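Subject: Structure for you to look at

Dear colleague,

My notes on it come after the model.

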Amino acid sequence: DDRCVLPDECPCHHNGQLYYTNDTITKDCNTCVCKERHWHCTQTICAGVCVATGDPHYVTFDGRCYSFLGDCQYVLARENSGLFSVTAENAPCGSTGVTCTKSVTLSLGNTVIHLLRGKAVTVNGMPVILPKSYSGSGLTLERVGIFVALSSRLGITLLWDGGMRVYVRLAPHLRGQVGGLCGNFDGDTENDFTTRQGIVESTPDLFGNSWKVSPSCPDVDNQDLRDPCALNPHRMTWARKRCAVLTQELFSRCHTEVSFQQYYDWCVFDACG
């Protein structure tokens with residue numbers, strides 16, 4: 001067919017695929033429609049999700065990725081007026097100085113929910129059997145697969161697998177109303193390293209140290225010197241081979257949706273430890 005195609009009839013592009021007039025895709029919580037070779041998307045403000053995983057690696061609500069090897073209890077997310085806070089305690093694991101999540105605490109007013117690795121969930125110090133609901137505070141605790149899930153009508157949901165993965169989800173109305181290692185959820189990755197004092201720092205160390213719960217914990221200083229691959233160069237080849245599956249055919253369909261390089265780098269980092 002050698003007929004000309006009007007510019008407005010050309011397809012839209014997304015993740016290496018072609019979409020034609022009136023085709024739709026979903027981007028976060030918004031719907032985008034292809035019209036006249038351009039995407040037209042709804043402008044709904046979406047919920048924010050922060051991830052803390054591995055030997056701690058973080059993805060903030062706004063999508064900034066970094067590592068911070070602190071050995072202390074830190075604020076992951078705290079509502080600016082004190083409505084709630086989520087803290088995580090990191091403790092050394094392995095032999096290279098990296099740290100892993102030991103416990104997670106959600107504080108809502110006078111209610112404190114404590115999740116300790118290998119132990120029962122406690123509410124204000126008392127063990128509870130899941131599922132459990134508290135009508136007064138709008139709090140629900142339940143198991144979802146391998147995760148313990150806490151959710152509140154204030155707009156916060158917390159998931160922990162009891163080991164290496166913590167997810168904090170905030171409702172859209174909390175946008176720009178929080179601080180902590182998960183960032184400030186204002187849609188801008190450039191200011192995610194905002195300290196407790198309101199200063200935007202350039203390194204994860206200075207930023208992370210400001211969110212310690214206890215001032216007596218030692219500051220992280222030049223964590224690059226604790227890079228397990230630098231300390232154990234003999235493990236590098238094995239680590240890269242172990243993590244190479246993320247770059248190969250098995251996950252190829254995901255590559256256009258998720259930037260795998262960051263997760264590959266983190267995998268190698270953890271495997272060296």
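What follows covers strands, then the nonpolar cores, then the aromatic rings.

Please keep in mind throughout that this is a predicted model.

To begin with the strands, an open sheet is formed by three of them in the order S3-S4-S5, with antiparallel pairing. Its edges are strand S3 (24-27) and strand S5 (38-41), each of which pairs on one side only, and from one strand to the next the twist averages 35 degrees. Between strand S4 (residues 30-35) and S5 there are four bridges, and Cys32 has Cys41 in S5 as its bridge partner.

Strand S9 (residues 73-79) has two antiparallel partners that I would point out: strand S10 (residues 84-92), over five bridges, and strand S20 (residues 178-179), over two bridges. On the S10 side, Val75 has Thr87 as its bridge partner, while on the S20 side Arg78 stands opposite Gly179. S9 and S10 form a hairpin with four residues between them, and Gly82 in the turn has a positive phi of about 95 degrees.

S9 is also mostly covered, five of its seven residues being buried. The largest nonpolar core has 43 residues, with Iles and Vals represented among the best connected by Ile113 and Val168, which have the most contacts inside it; the largest share of this core, four residues, comes from S9. Leaving aside neighbours within four places in sequence, the contacts of Val168 include Phe61, Leu76, Val86 and Ile156. There is a second, separate core of seven residues, among them Ala239, Tyr264, Val268 and Cys272.As for the aromatic rings, eight pairs were counted. Tyr19 and Trp39 form an edge-to-face pair, at 5.4 Å centre to centre and with 65 degrees between the planes, and the two residues, in strand S2 (residues 17-19) and strand S5, are 20 residues apart. Tyr19 counts as buried because its relative accessibility is 16%, whereas Trp39, at 23%, is partly exposed. The rings of Phe61 and Phe185 have centres 5.5 Å apart and planes at 50 degrees, so this pair is tilted; both residues are buried. Arg175 lies over the face of Phe185, at 5.9 Å from the ring centre.

Lastly, ring pairs link Tyr58, Tyr66, Phe193 and Phe207 into a cluster, and Arg64 lies over the face of Phe193, at 3.8 Å from the ring centre.

With best wishes

Notes
Residues are numbered from 1 along each chain as its sequence is written. This is a predicted model: local features need pLDDT of at least 70, side-chain atom pairs count only at pLDDT 80 or more; totals for chains, interfaces and linings use all residues. Side-chain values use heavy atoms; hydrogens and water are left out. Two strands pair if DSSP finds at least two bridges between them. Axes are lines fitted to C-alpha atoms, for helices over the stretch in contact, and angles run from 0 to 180 degrees between N-to-C directions. Buried means under 20% relative accessible area, exposed over 50%, partly exposed in between (1.4 Å probe, protein chains only). A nonpolar core is a set of buried Ala, Val, Leu, Ile, Met, Phe, Trp, Tyr and Cys residues joined through side-chain atoms within 4.5 Å. Contact means heavy atoms within 4.5 Å. Rings of Phe, Tyr and Trp (its six-membered ring) pair if their centres lie within 6.5 Å; planes under 30 degrees apart count as stacked, over 60 as edge-to-face and the rest as tilted. A charge sits over a ring if NZ of Lys or CZ of Arg is within 6 Å of the ring centre and within 35 degrees of the ring normal.
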